[in-house]
Each structure stands twice: as structure tokens, then as C-alpha cells.
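Please read them with the sequence and the coordinates open beside you.

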Amino acid sequence: MFRRKFTLGWTITIGATLALLLLWTFFPIYWMISTSFKTNMDVFKLPPDFWPANPTLENYANLFSTATPILKFFYNSFLTALLTVVVTIVLSTLSGYALSRLKFRFREKILVSVLITQMFPLVVMLAPLYVLYNKTHLLNTYTGMVIAFTSFALPFGIWMIKGFVDTVPVELEQAAMVDGCTRLQAMWKVVLPLTTPGIVATGIFAFLDAWNNLLFPMVLTNDITMKTLPAGLVLVFTGAFKHNWGGMMAACLISTIPVIIIFILLQRFLVEGLTGGGVKG
Amino acid sequence: MVSKPSIPQQSVGKGKWHKPHLPLPFILIFPSILVLSIVILYPLISSGVLSLFHYELTNPDDMKFTFLKNYQMMFHDDTFWASLKNTLFFTGFSVVISLVIGLWGAIVVDQLPEKFSGLRGFLLLPWVIPGVIVGFLFMLMFDVEIGVANVILQNAGIIKKFLPWLMQAQLAMIAVIIANIWNQVPFYILMFSAGLKSIPMDVKEAAICEGASRWQEFRHVTLPYLKGIMVITSLLMVIRNFNNFPIIYTMTGGGPVYSTTTLVIYIFRLAFEQFNIGYASAIGIVWCIVLLAISMIYVKILYKQDEL
């Protein structure tokens, strides 16, 4: 394997692009962090300080002490996201496996319709969904949220896992079944270990979708103590509080840290998941 | 130890198990179908039905069957057309610009030696940040008085006075598009990186051997191989951007005066602030049709190019 020699011009181009990209990526994040450590006076200074003149932790202290139930939001987000991950992984794996391996009449139609569900405007479906949830007492419940989140993450998960299962040779399962495994045992022992990147990727996407989702929690919960982080923050930082920039940035930072951590730890699964699965041309 | 099974060789991925009496597939798939039906299928059908009625939650007993009156109303509704235009504008610019930046970014990152691959991980960061937070953050950065965007532009000599970003129609649209691009470019980089890695080595080497310049290699080797992923990614993102709610809602709420109101925001306002469910459903159905049409055109173009 050989590559081109890097000319000076090319190297400079790459370096410059990279520098710009990194700057563009990190500057807003840095701004969020630095604003969260500014006092209220400093926030409104003109021109704004690049580095906080009087770094303070008061924004964070306020977050936890006042009426903003940010810890409850955290808890709600975590709980619903984790449950969504579990449910999504289980359902996607079963369905993905079935759609890949088993031949049955509606297979093609189901595959296509799963993809089509991605296209529909969630906003519109929320109104009837709200009415439905109201009647079935699912409003303001974790169950209701998890069901909604799962439906959002499911189509992608099914496609991803199906793509992965497609790449596992059928012979492996056949061999296992000749050795005495039942179908499900063959699936568990042979296929699943080989589709792990896809499963993890599905889990990551499910978590991200659930954690970041604004519409569902905003509409499907009235009770502020049941809101997840995005919906809760929107409620808290309206009106007069909109200009509490320091507090807002502190809340934002805290809300982002879990997803950043998960992402950093598991990011290679994301790339593997997208390359190994059926997401090609 | 294990004798080869006497079942004829099957091709990979095409498990043709002939056990038609097993309800297994249905058992496996049923839970998924159930969830999707509750949350997507039922509301969808319900919306379709509701769109034919005059139904306002503030007056639930006054539900009249008005057939296509909602659609008629829509035709004459200036706000509807404005929001449709805004949606197309927002989506179009976001996708095109993000695609170009993402492609270029992926190529550059692909050129890096292995030890720098962690860098790509960092570049993916904006994508995992919740839309609400991106919205808040850029709302701060585009603030008229203390926004860092104005400061930077002024220091760079590009503007003299601070721009009222979120308070002026066109500027607000530009601001939300920029926030959206910041949020989404990483996804393009991710997808294109995966695509770049799947280009076979020997094809690339052949191009170098034959004396192709980098640009020629890009045009004749890279692009054709990436076309599939480019189409899929951009289609996915068009759909996603049609649906984009958090960024616009937190940054501008659809203002000033509907200038950043996309279809989503409009429907949301109609359904959950004015409680006009019937009309909102009608707009939603129209949206589905528009999106389906765009998707079909997209796919048709893709297949046409394949035949050429």
C-alpha cells in the first residue's frame, strides 16, 4: 500500500482546514463553558471577556439551590434514556434478526414501511398521541415517554441490526443448529456476538435521541417534575430568566456532560456501526 | 468434529429457512410493530381523519365535519406558504452547506495518520449536544448587545455596527441556519469518513499509478464511490431538517414575525398553542405529501444516474 507524497501545498491546506474546523467546533463549546463561570456583571460586559475576569461558581450553586428542579430533570432524562436503550436494543435485535433471516410474506413491505415512518412529522402525530395518552393514563408517566422515545429510535435500530445480521454467514447458525442449538440459542451464541458493534451503535443512538428529544417531553408531560432536561430547561429559562446567561450556560453544560462522556467512551462503536452495517450506497 | 450440513450452500444473508408453519418471525417482530403502531401508525391515521374536521381542543364538543375546508383554508393562508418557504430555505441551505463542509472535512481527516484519528472524535462533538442547548448557546452568541458573533465580526472589520441578529428577519434565518450547520456537519463527516474508508485500496493506487492529480482522483474515483452515501446522508438530513424543532424553537420561537417559522413550528403553534387540531393535522398531511414527493424525486434521480 502506498500513498502520494505530501506536497507542501497540500500539507498546508490540510493543516489550515483542520485548524479552522477545530476552532469552529470548539469555540462555541468554550464560550458555553467560560460564560457559565462568569458573574452576572461580567456576562454583560462589553466587549465580552474571552476569559472570565472573576471566575465564579455561583451559577452552579444557584442551579442546585433554587426552585429549578434540575436534579429531577437529570433523573428523568437518565431513567427514560436508559430504559429506551434497553427496550430499543431488545426490540431492534429481535426484529432485525427476523427481517434478515426469516422469509415471510410481508418482509419487504415491513422493511419499507419501517423506513417510511422516519418521514412523518412528529409534531402532527403528537396531538392524537396526546389524546390517546390522556385516555390511557400514560401522560406524565415514564412508560409513556419510553414508548414514545423507543418509536423514534426503533426504525434506525432495526435497519442497522438487520444490516449487520446480513453480513453474518448463515452457515454459522446452521452449524450451531446441527450441533444441537435451537434457533434462539443459535441467534444468541453465534449471531449476536458478531453484530455487537451494530447493537452498541443502536444503543448509543437510542440514548442520544432520548436524551436530546425536546418535543415529546414538552408535549406529553404537564407536570414539571416529570420533564426531562431539554423540556425542563426550556420551561425554566423563559421570560425574564432568559437573560440569566450564566445560569443558562451552567445548566447547558451540566446537561451536555453525560452525553459527551458516553460519546467519548463509545465513539468507535459509532464509526464501526456505520461502516460494518448495511449503510453503503 | 462438525460435519458439513447437507443443506445446500446459501448465499450470505439470505436465510431461506423453509419452515412456513413457524410463527417465529411474527413473535419476534410483533413487539416492534406494536410500539410503532401505537406511536406512529395510529396518530398518523388519526391525523388524516382529523384533518377533515374542524376541531379545536378549546371547544371539543364543537367538532364539525368540514371535509376539505381545512385544505382550502391552507391554500389562502399566507403564514402557511411563508412557513413552507422557510422550511425549504432552511433545509436547502443547511443540507447543501453542511454537505460541502462535511465532505471536505472528511477528506482532510482521512488524510491524517492513524494516531490523529482521535481528532475526528472531537470534531463529532457538536452533534451529540442536545438541540435545545445548541439553541441556547447560539442565542447567546448571536445576542445583539453581548453576542460574541457581533464582536468577532466587528473586530474582523466585516461590520461596523452590531447586527440585530435574532430580531431581523433575514439575519435570524441566517443565524438559525448557522447554528444548525454547526450541529449537523459532524454527522456528514462521520458518514463520509465511513464512505471514504470503503473505497478499495487498489482503485486508489491505480489512479496514482496512472498519474492522476488529486483533483482528478477526487472527481473520478472518490466521488463515484461516495455518491451512494452522499445521497442517503443528504436524504436523511433533508427529512431530519424538515423536522427540526429544538434549535429554531429555542433560538427564535419562529420569529421575528414568522420569519423563521418552519412547518414544524407552525404546526406546533397551531396544535399546542391555539389548539386548532383539525387545521394543524391538515397541514401535517400536506407536509407528508411534500416530503414523500421530494424523497421519490430524490430516489428517481439517483437511479437515473446509475443507469447513465
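1. In which loop of chain A does A:Phe37 lie? In this predicted model, the residue A:Phe37 sits in the loop that runs between α1 and α2 of chain A. As for its surroundings, A:Phe37 counts as buried because it has 20 C-beta neighbours inside 10 Å, and 20 is the number at which a residue is taken as buried. When neighbours within four places in sequence are left aside, A:Phe37 is in contact with A:Pro52, A:Pro55 and A:Thr56. A:Leu215, by contrast, is 178 residues away from A:Phe37 along the chain, and the C-alpha atoms of these two residues are separated by 30 Å.

2. The domain assignment of chain A gives domain 1 as 8–59 and domain 2 as 70–276, and the C-alpha centres of these two domains of chain A lie 32 Å apart. Their contact takes 8 residues from domain 1 of chain A and 7 residues from domain 2 of chain A. On the side of domain 1 that touches domain 2, the elements giving two or more residues are α1 (8–36) and α2 (40–43) of chain A, and α1(A) gives the most, with 4 residues. By class, that side of domain 1 of chain A divides into 3 nonpolar, 4 polar and 1 charged.

3. For the complex, the predictor gives an ipTM of 0.85 and a pTM of 0.84.

4. Turning to chain B, there are 13 helices and 2 strands, and 39% of its 308 residues count as buried. Among the contacts in chain B between residues at least 6 apart in sequence, 70% join residues that are at least 24 apart.

5. One helix pair in chain B deserves a separate comment. The axes of helix α3 (residues 78–110) and helix α10 (residues 214–242) of chain B come within 9 Å and cross at roughly 145°, and the crossing of α3(B) and α10(B) is right-handed. From α3(B), the contact is made by B:Thr87, B:Phe90, B:Thr91, B:Ser94, B:Val95 and B:Leu99, while α10(B) contributes B:Ser234, B:Met237, B:Val238, B:Asn241 and B:Phe242. Sorted by class, the contact of α3(B) with α10(B) has 6 nonpolar and 5 polar residues, and no charged residues.

6. Where in chain B is the pLDDT below 50? Chain B averages a pLDDT of 81, and 87% of its residues score at least 70. Among the elements of chain B, the lowest mean pLDDT, 75, belongs to strand β2 (residues 64–65), whereas the highest, 92, belongs to helix α6 (residues 131–141). The pLDDT is below 50 over residues 1–14 of chain B, and this stretch has 16 contacts in the model beyond near neighbours in sequence. Where pLDDT is low, the predicted coordinates should not be read in detail.

Notes:
Residues are numbered from 1 along each chain as its sequence is written. Chains are lettered from A and ligands numbered from 1 in the order in which they are written. This is a predicted model: local features need pLDDT of at least 70, side-chain atom pairs count only at pLDDT 80 or more; totals for chains, interfaces and linings use all residues. Axes are lines fitted to C-alpha atoms, for helices over the stretch in contact, and angles run from 0 to 180 degrees between N-to-C directions. A crossing is left-handed if the near helix is turned anticlockwise from the far one by less than a right angle, and right-handed if clockwise. Two residues are in contact if their C-beta atoms, placed from the backbone, lie within 7 Å. Ala, Val, Leu, Ile, Met, Phe, Trp, Tyr, Cys and Pro count as nonpolar, Asp, Glu, Lys and Arg as charged, and the others, Gly among them, as polar. Domain bounds come from an automatic or database domain assignment. pLDDT is the predictor's confidence in each residue, from 0 to 100. A residue is buried if 20 or more other C-beta atoms lie within 10 Å of its own, exposed if 12 or fewer, and partly exposed in between; C-beta atoms are placed from the backbone.
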